[in-house]
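This report covers one structure, shown below.

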Amino acid sequence: MPRNITDIVRAGLKKRYRAEARFRLYGITAILAALVLLFTLFVTIVSQGASAFVATELTLSVPVTAAVVDPEGTRAEATLSGANYRKLVLDALDAQFPDVQDRIERRKLHAIVSDGATYDLREKVMANPALIGTTVTLTTPVASDFDMLAKGQVDVSQPESLRRLNDRQIGWFNTLKERGLVSFGLDRNLFVNADSRQPELAGIFGALMGSLYTLLVTLALSFPMGVAAAVYLEEYAPRNRLTDIIEVNINNLAAVPSIVFGLLGLAIFLGFFGLPRSAPLVGGLVLSLMTLPTIIIAARVALQSVPPSIREAALGIGASKMQTVLHHVLPLALPGIMTGTIIGMARALGETAPLLMIGMVAFIADTPEGILSPSTVLPVQIYIWADSPERAFLERMSAAIIILLTFLVIMNTAAVWLRRKFERKW
Amino acid sequence: MIGKPFGRVLGAALLLSAVVLSAAPAQARDQIRIVGSSTVFPFSTAVAEHFGRMTPFRTPVVEATGSGGGIKLFCSGVGVGYPDIVNSSRPIKRSEFEACRAHGVDRITEVRVGFDGIVVASARGTPRPDFTRKDLFLALAREVPVDGRWIPNPWTRWSDIRPELPSVAIELLGPPPTSGTRDAFLELVMEPGCLEIPACQELKDTDPASFALRTAALREDGRFIDAGENDNLIVQKLEANRSAFGLFGFSFLEQNADKVQGAMIEGAEPTFESISSGAYTVSRSLFFYVKNAHAGIVPGLREFVEAFTGPAASGPEGYLADRGLIPLPEAEREATARSARDLVPMAVPED
C-alpha cells in the first residue's frame, strides 16, 4: 500500500509526543531531585541549629561584698580587675543549696555556672564600681552540659555512669527551675563573642569580622584589577599570540583548585613579603588571586555585550578612546561586572582550603581589630566547631551554617537583583 | 560626568594594591603563637583562653596544623615570624630535631602534658568484645600471615579470628592516613599485635622494611573505612550502623558515653583510671615544645607554660581533665612543671 508523507508523519506522531513528554519529565525530575536534596539539607541544619539561638539562662542574686572585691576600698582598677568574682558567683549559688557541704559535691554543683557569669560580673563591676556593697541580679547562660539538659538533648533514662551529669546535678538544676531561676532567652553570646572553648560562650562575631575584613581586602584588590585587566584586554589589546596565551591562562586560573592559591600565598606573601600569619590581609590577597579570573571573565563578557554602535557613536562625536570607555562602555557594562564580582565574593566567603596554609584555621579568642590582627573566617569557624568533642558545639555549628547560608543567599539575591534591575537589552 | 571620578578611583585602587603588597613587614609580636597537633588542640586552646582571661597578656593564637606540619613550621627559624610553641601528639623525631638545629632553633623545652587513649568504640547496647591487639591486627591488616605465608586478609567476621568475638562483619571506621590518631593506632596496636604472631616476629628480624610496610597497611576492601578527620561524624555513624566499630580519641568517648561504648583491649576498659595507670595499653603521651629563644621576646611565654603545667589546668582535678585529658601522675606533673618553668632544654632525642 502506497503511503504518502502525511501518513508516515501521523504514524510516528504518537511516539514523538511520548518522547517529548518523557524528555520534559526528565528535566522536571532533575529539578525535583535537586530541590528535595536542598530541602533536606535546610531542614537538617535548621532543626539542629535553631536551638542554638536560644540560651538557657540562670538568674542569681549576687551580693558584691566589698571584702572580696575591694578590701582596702581603693577602687583601683587593678584591684577590681583581679578580684575573685568567681567566688561571689559560686557563693550566691551555694546560698541556694545550703545543705550541700561536701567539697566534692560542691564542685559538682558549681559545674552549673558557666565561667561567663564570672566575666559578666567583672565587667559590670568594672563599669560601675558603685555596685560594690550592693546585690547584683545576674542573668547568664548556664554551662553547656546543663544547657543540653534543658533542651532535652541528654537522655536521662540512661544509667548515671554514662551521663556527663549525675542524678544530683540534674536534681539541683530542676530545683533551680522550680524556683523560677532558669529561663530561656536569645543567645547574645552567639552574636557578640569570638570563639571560646566553652560552647555557651562561643560566638561567631570574631569569625564574621574576620570574613568581613578578608572580603574587603579581596574586593579592594580584585575588583579594580579585574576591571582594569578586562577593559584592557577587551578594548585595547591587539589580537595576537600573546593575548591568546593570556586568555588561556586566565581561564586556566579560574579552574585551579583553591588550595593551590593557599600554597602560593604561603610561599609569596608569608615567605617572601614577610606578612603576618593568620591576618585577613593575607587571606584577602590569596582569595583575590582566586576571584580575579572570575571577575575578569565576567567583566569581559559584560563589555562584549555592549553593542559596537555605542562606541562608534561616542567616537563619532569626538570622544577619545578613554572617554568612550569610561563615559559610555563601562557604565553600561557595570551591572554585569557587579554580578560577576558578587558571585566571586560569595565563593570567596565560603572558602577554607587556601586559608589553612596561611594560618587562618586557628583558635582565636579575640575579635580582630583590623586587617593585620589574627583572625579566622566563618567557614573555618564551622569546621573547628564540627571537630570539637563537646556536644553543644554541634548546635553552634549548625547555627553558624545558617548564618553563613543567609549571607550567601543575600549576596546571590543581590546579584540576581542587580542583573534584573540594570540589565539592558539591545 | 560619572566617568572622571571613576577613572581616578580605578587608578587610586591600583596604586593601593601595589602599596599593600610592598608594605607591612613582620613587626614585634605581643601574642603567643602556637601550631601543631589537632589532638592537643582542644587542650591547648582551653589553656590559651583561660590564660587570656586571667592574665594581662593577650590570648594566644592556636593553629591546628597536625603534629608534623606544626613541627616543620616551628623548626623553620627563630624570630617573631615563627611560632613559639608546637603541640604534638608524639615525641619529636631526631630528624626533626636536627632540622630545628639547622635553622638555629637549638634550645627547645619538651613538656609532657598528659595522656590520650585511643578507643575502639561501638554503639551502646551492642555486645562489648574484649579485643587483643593481635585480634585487631588480624582484622585490619591488608596482608596477614597464614601458615607462614602472607596472603591478602581473608577474614570477614570477627568470630573468624577468635570464636569468642562477636559474629558480625568486620567493619571499622577510622581516621585518614594524615591523622596522628591513625599513626598512634599503627604504632600502639598494629605493630605489637603483629609481633605476637611468630611469622611476623621472624619477618621483623629478617626484613625490617617489609615489616614496617605490612604493619602500616590497613585493609582497603571496605573493612577498614576511612571516615575523615571528623570524630563526631564517626560517633554519628556508629549510632546508625550498630555492627560497626569506630576508632577515635578518648575525649570523644567521654563526651558521648551515652551513645557509644569503648571496647575492652587486653582485658582493660578505656577509663580515666585505666589509661592513667597504663592498664589500658592503647594510649600515648601528648607533648608541647617551647622555643626557649623566644622567652625574652614574646611576652607571657613563660607564664603560659606555667599556666599549662600548673595544677589548675593539668592537675588531677584541673579543667583539662574535664575536657578528657588524662593527667600525668602528680609527682611527674610536678617535675615536668618545674623543668618547664625553668625552660630546661631537652637533649637530642634518640631514635
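## Contact between the chains

Two residues count as in contact if their C-beta atoms, placed from the backbone, lie within 7 Å. The model is predicted: local features need pLDDT of at least 70, side-chain atom pairs count only at pLDDT 80 or more, and totals for chains, interfaces and linings use all residues. Residues are numbered from 1 along each chain as its sequence is written, while chains are lettered from A and ligands numbered from 1 in the order in which they are written.

The contact takes 41 residues from chain A and 37 residues from chain B. On the side of chain A that touches chain B, H10, H15 and strand E4 (362–363) of chain A each supply at least two residues. Helices (H or I, at least four residues) and strands (E, at least two) are DSSP runs, numbered from the N terminus. H10(A) gives the most to this side, with six residues.

By residue class, the side of chain A that touches chain B divides into 25 nonpolar, eight polar and eight charged residues. Here Ala, Val, Leu, Ile, Met, Phe, Trp, Tyr, Cys and Pro count as nonpolar, Asp, Glu, Lys and Arg as charged, and the others, Gly among them, as polar.

## Domains and annotated spans

UniProt, in an unreviewed entry, places "domain: ABC transmembrane type-1" at residues 208–415 of chain A; its annotations may be inferred rather than shown by experiment. That span of chain A is 76% helix and 1% strand, and its end C-alpha atoms lie 21 Å apart. The UniProt annotation "transmembrane region" (unreviewed entry) covers several spans of chain A, including 204–233 and 397–418. Residues 204–233 of chain A are 97% helix and 0% strand, with end C-alpha atoms 41 Å apart. For residues 397–418 of chain A the values are 100% helix, 0% strand and 32 Å.

## Packing of H10 and H15

Helix H10 (residues 205–236) and helix H15 (residues 321–349) of chain A pack at an angle of about 140°, with their axes 10 Å apart. Axes are lines fitted to C-alpha atoms, for helices over the stretch in contact, and angles run from 0 to 180 degrees between N-to-C directions. H10(A) and H15(A) are therefore oblique to each other (under 35 degrees is roughly parallel, over 145 roughly antiparallel, 65 to 115 roughly perpendicular, the rest oblique).

Among the residues that meet are A:Leu215, A:Phe223 and A:Glu235 in H10(A), and A:Val329, A:Ile337 and A:Met345 in H15(A). The residues of this contact of H10(A) with H15(A) divide into twelve nonpolar, three polar and one charged.
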